[in-house]
Amino acid sequence: MPEPNCKELSKAISNLDITSTSYLSSSRYTKEELLNLKLGVNKREEHVTIAEVESNGFTTPPKLQCPAPPPPTPEVACNSQANGVVKPNNAIPVAEAPKKKKKKSSGKNKKPNATGFEEFYADPPITPEEHEEEEDLYDQSRPFASRIQTCIQRYRARRKLDALKANIFTKYLILGGIEATGKAFTGGILDNETLEHCTAEEIATLQATDFIRSGATNSKYYDPANPDDWVVDFEGISKGFFSYRVPHQFGFENEAQIKLCSTVIRNFLNYVLQHAVCLEYTMDIMAARQICDLAEQELPAIKMMTPRFPGDWNVAASTICGGRFQAARVIAQAWQKEDPEFEQYASLNAGFEEAEAIRIFQTGLAFAGTDAVFHKAMGGEFRIVSTARNFYEVVGIERPSVQKIDEYARVKNHKGKENSIKALGYLKVKRLPSPGFDSEDVSDNEEEEAIKEAINEVETFWLEDYTLQLLFLGLKLELIVHELNIGVKFFDSVEAIYCSFFTYLENEMMLDWKEPVLNTRPPPTEDDPDIEERVIEAAMDEEIGDDNKRI
């Protein structure tokens, strides 16, 4: 029998009389029986009676589509094995899903390895064996030179020092008398046999470049066999390094450079404290760490205040009274004004025009000077009576009051404009001995006598408020000071500005020191005055001959 469609089956069901009670006890009809009922086939007459379909009967909507039947399930014959595992005999092969290729990491999101200089970095925990090893290496019974040498070598091996950090750390060690130069003629590479038979600590020792040698051949390095001329001073080395070595050799163009130097030194000092390398110098090391903090504060301030010196009033005084700015100024003569390029030359002047300088100078005398100074200045004759190069320490700063600033603001300049003359305050300084790194044409006795005379004297300079606000107590200044005939002092040259902890170490003088070598060349004599020159020429000819042979 052909398979009926869904529409015919629906009509057959609609033709049944579902109100008849004869259907209630009957069994469930199959699809073929329902179709036979419609077609007049009566195979189950015992409980089926065809009823007339009333005119008001309901039929299944003809437009309703039945869902498609599901696909047939394949029959799989299976054989059971003795071990209970079922294996298919005629299994339909199933296509395997293609394997996804693993994407290679680009490395952009990969975190870099720790260098040891991160803000919250902490050394990893050590094993009990490593702890016992460190206790033995840093035992107080060992000499300090041996302990600090081991500490420096292990620190350099456990920190990732790039070229800049390594240079900072090396300069710091050399200033402290540690031989931190590279090994010559080693190539820096160990052979495979050494790498296979040596531990990591032994390899680090072989590759170390920092040493404290007993019987050192160079006097600029610390010699444990002759320690009379040396003293262990962590704080002093930090002061000398940050106050003189860093500004002169590394510079401090921005705050990041200063912080980098302090971070490297502080990290090393923390390592020394953490590993208990030298417990007898704990307080000294902690004081050295405070110097690192001070350097981060004072060096940027010095960078900011340097271009503001010497200040408007000091420049005006120098222009009027014959100082440096007067000598460097292009004066407008009658014949020069006709030159079309004169204005270009005059624009290079450092300072003020004469009329502007007089106005600034006189305003400062009127507001900042005493009555005695003002009366002396009424004569209108100003000249320099003495000039000196002195080293000072700032001991007091007096900034002008708000009322005084308003009074200066109401003063008109030479062009009749207000708010052009800056208010002056007072900078109080005390003279100090010369640091000693620049040779002066004075004897030691003369300098000592001059210092004794001025040791209790506090000198006062006039300086603008916008510069005074950056200064701090303890600041060191090296100035070219001029004294006028009216008793007022001014400075027009600032030779150097140093931190409050400025220290010039004797080690600085030894950095470029080389041990003298016996000269084997014969000296010139009266009979043969040119013998030295001939020896030098012969040596040069010999070197040229060796180079030609190599070529």
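**Figure 1. Residue classes in the lining of the largest pocket of the predicted model.** The lining comprises 23 nonpolar residues, together with six polar and five charged ones. In total, 34 residues line this pocket. The space within the largest pocket amounts to about 900 Å³.

**Figure 2. Centre and contributing elements of the largest pocket.** Gly176, Tyr222, Trp230, Val231 and Asn507 are the lining residues that lie nearest the centre of the largest pocket. Two or more lining residues come from each of helix H4 (144–158), helix H5 (163–175), helix H8 (234–250) and helix H20 (507–510).

**Figure 3. The second largest pocket and its lining.** About 390 Å³ of space lies within this pocket. Its lining consists of 15 residues, and those closest to the centre are Phe117, Glu118, Glu119, Asn267 and Asn270. By class, the lining of the second largest pocket divides into six charged, five polar and four nonpolar residues.

Figure 4. For the protein, the mean pLDDT is 78, and 68% of the residues reach 70 or more.

Terms used: Residues numbered from 1 in each chain as written. Predicted model: local features only at pLDDT ≥ 70, side-chain atom pairs only at ≥ 80, totals over all residues. Heavy atoms only, no water. pLDDT = per-residue confidence, 0-100. 1 Å grid on protein atoms, 1.4 Å probe; cavity = no way out; pocket = protein on both sides within 12 Å on 5 of 7 lines; lining within 4 Å. Points joined across faces, edges and corners; volume = space filled by probe spheres on them. Helix = DSSP H or I, 4+ residues; strand = E, 2+ residues; numbered from the N terminus. Nonpolar A, V, L, I, M, F, W, Y, C, P; charged D, E, K, R; others polar.
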